[in-house]
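Me: I have a structure open and would like to go through parts of it with you. Could we take it slowly?

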Amino acid sequence: MRSLKYLFPIAALMLSLSSCEKFLNVTPIDALSGNNFWKTKADVEGYANGIYMKLRNKIGREMLFPTIDIRSNFVRIAVNLDNNGNIPINNLINHNLNPVVSGTTTYDERLKSVMTWKGWYDVIAASNILYAEVANVPSDQISETERKRYQAEATFTRNLSYMYICKLFGDAIYYTDAYHSEALARTTQLEVVKKCIADMLSVKDNLPVKYDDSSLMGIRPTRASAVALLMHLNMWAAAWENGDKTPYYKAVLDLSEELANYKDYYLLPVSTENTKRIFKGRSPENLFSLLQEYNYGETFESFANYSFFFSHYPYRGNSSKTESYMTYEKEYIDKLFPVSATDLRRITWFERIDANGGAFQFKKYVNTYSTGTGSAVTMNSDDCAIVFRLSDAFLLVAEAAAEMSDETKAKEYLNSVRLNAGAAAFVGGGQDLKDEIFRERCRELIGEGQFYFDLVRTKRVISSDFSKTVMSVGNFNSGAWTFPLIITSDERSANPNLNGNTFWN
């Protein structure tokens, strides 16, 4: 197996699950390969769940979501981070990433894990194998509907991974064949995303509208999950299309009509209990997520959740942790959530929102579990990683409608999110409407790993109104918006066509 060319050993994926806790009690499958494997539905299910575990590890064991919400955001360090983390985090805020690549601190290493794409290609290679091999499972073991569903799931995980690769690094090495071995050069990100859109559309309807097993709600892809992925892919493609962007915006509006037909999904009014429900997963807002459940031994790294940086006891840390490591800057957060304007998110998701220091408390992620006893009790996040949720999709629809000059639809979708948070409906139009949709994404999706991607996609990273560290147009066009792509000497030797991102590498 040439794993350095982004192949993935089958043995690493062969995971089997027991009873209804399909994502929780995971047992490796040993000695199942070649003629011994791909014989039963259980083989397919075990392999598929191995892919989700790889995806979960990529997001739940790395600092991905916090990285995307911290870069160029109006945040600052309030209390010295552990493990000499101040300098790397400040470098992240300020787009100063080369020192991170050469750095050796704990936080340099955590950030560097985001700057490698191998984990994404592990998922892609495994997804390609699943798509191909499920076709060979005997028909008396698996129905044609189930076969097509597994292939659609493989297509979803493949294209989700390509989406992240493009959003992080731009151009990607694109392939969909199983057991891939050819050393390929990178393909332009627009071409990759267009291929992903066509690929996902070809199998979307083979995913279920809902699962009979309610425990799979939100943690295995449905048609609504595919719709959300397609919305993101289309909006990312529109950002880089130098020609007519209309087809991408129209596609998002068409997808919104389909999403409206799936009645199991709806917005939950903002409250503490509903916030806990949403971020625990399996809620009516949850379009796709990765499960964390301490009670079943499935936990993320502490730094994978935004609350590690922006919360303190009793939500994170022990009783001596009375301050958060980081805070939003008062001027910015007061503009985003004005004290004079009613917004349930301001009072539900924050304490001391305008503290401008360690007293700042972020309360969006308040599902917790404790470890230790007595004075040594430590509170940890037990929230899932929500990849797509309904309000995210609604705001993408609002953005697409605004770009198509359909301000009625744009405000309909924008205000569905605002009214759900107890905020007043927005009545403006023109550029003010487009800017308000962006700000609403900043409000609603705060801490969810969307901010910097939105900043880049809308080109607002070059504006001081929206970006703390303004990027020059020249640097943006030269690729400064990407992350450095860390390529090992072994990887470069295995694939001589592999090159990094010019601006950084």
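Reply: Let us begin with a term: a cavity is a set of grid points where a 1.4 Å probe fits but cannot get out. Please keep in mind throughout that this is a predicted model.

Me: OK, how many cavities of 30 Å³ or more does the structure hold?

Reply: There are six cavities of 30 Å³ or more, and the largest cavity has a volume of about 110 Å³, while the second largest cavity holds about 80 Å³ of space.

Me: Staying with the second largest cavity, which residues are closest to its centre?

Reply: Those are D69, R441, C442, I446 and F451, out of 13 residues that line the second largest cavity. The elements giving two or more residues to that lining are α13 (330-336), α17 (430-444) and α18, and by class the lining divides into seven nonpolar, three polar and three charged residues.

Me: And what lines the largest cavity?

Reply: The largest cavity is lined by 14 residues, and F65, A304, N305, C384 and A385 lie nearest its centre. Both α2 and β11 (385-389) supply at least two residues of this lining, which is made up of 11 nonpolar, two polar and one charged residues.

Me: Switching topic, where is R460?

Reply: R460 sits in the loop between α18 (451-457) and α19 (473-477).

Me: Why does R460 count as buried?

Reply: R460 counts as buried because its relative accessibility is 11%, and the cut-off for buried is under 20%.

Me: What does the side chain of R460 make a polar contact with?

Reply: Its partner is the side chain of D435, at 2.8 Å. If residues up to four places away in sequence are left out, R460 touches Q431, K434, D435, F438, L455, F466 and S467.

Me: Last one: is α6 mostly covered or mostly uncovered?

Reply: Helix α6 is mostly covered, with 12 of its 16 residues buried; among them are W120, Y121, I124 and L130, as well as D122 and E133.

Me: What covers the buried residues of α6?

Reply: The covering elements include α1 (41-60), α2 (64-70) and α7 (144-169), and α2 is also one of the elements that supply at least two residues to the lining of the largest cavity.

Me: And how far does α6 reach from its first C-alpha to its last?

Reply: Helix α6, which covers residues 118-133, reaches 22 Å from its first C-alpha to its last, and this is close to the 22 Å expected at 1.5 Å a residue.

Technical notes. Residues numbered from 1 in each chain as written. Predicted model: local features only at pLDDT ≥ 70, side-chain atom pairs only at ≥ 80, totals over all residues. Heavy atoms only, no water. Helix = DSSP H or I, 4+ residues; strand = E, 2+ residues; numbered from the N terminus. Expected span 1.5 Å × (residues − 1). Buried < 20%, exposed > 50% of the residue type's maximum accessible area, 1.4 Å probe, protein only. Contact = heavy atoms within 4.5 Å. Polar contact = N/O pair within 3.5 Å; in protein donor to acceptor, adjacent residues only side chain to side chain. 1 Å grid on protein atoms, 1.4 Å probe; cavity = no way out; pocket = protein on both sides within 12 Å on 5 of 7 lines; lining within 4 Å. Points joined across faces, edges and corners; volume = space filled by probe spheres on them. Nonpolar A, V, L, I, M, F, W, Y, C, P; charged D, E, K, R; others polar.
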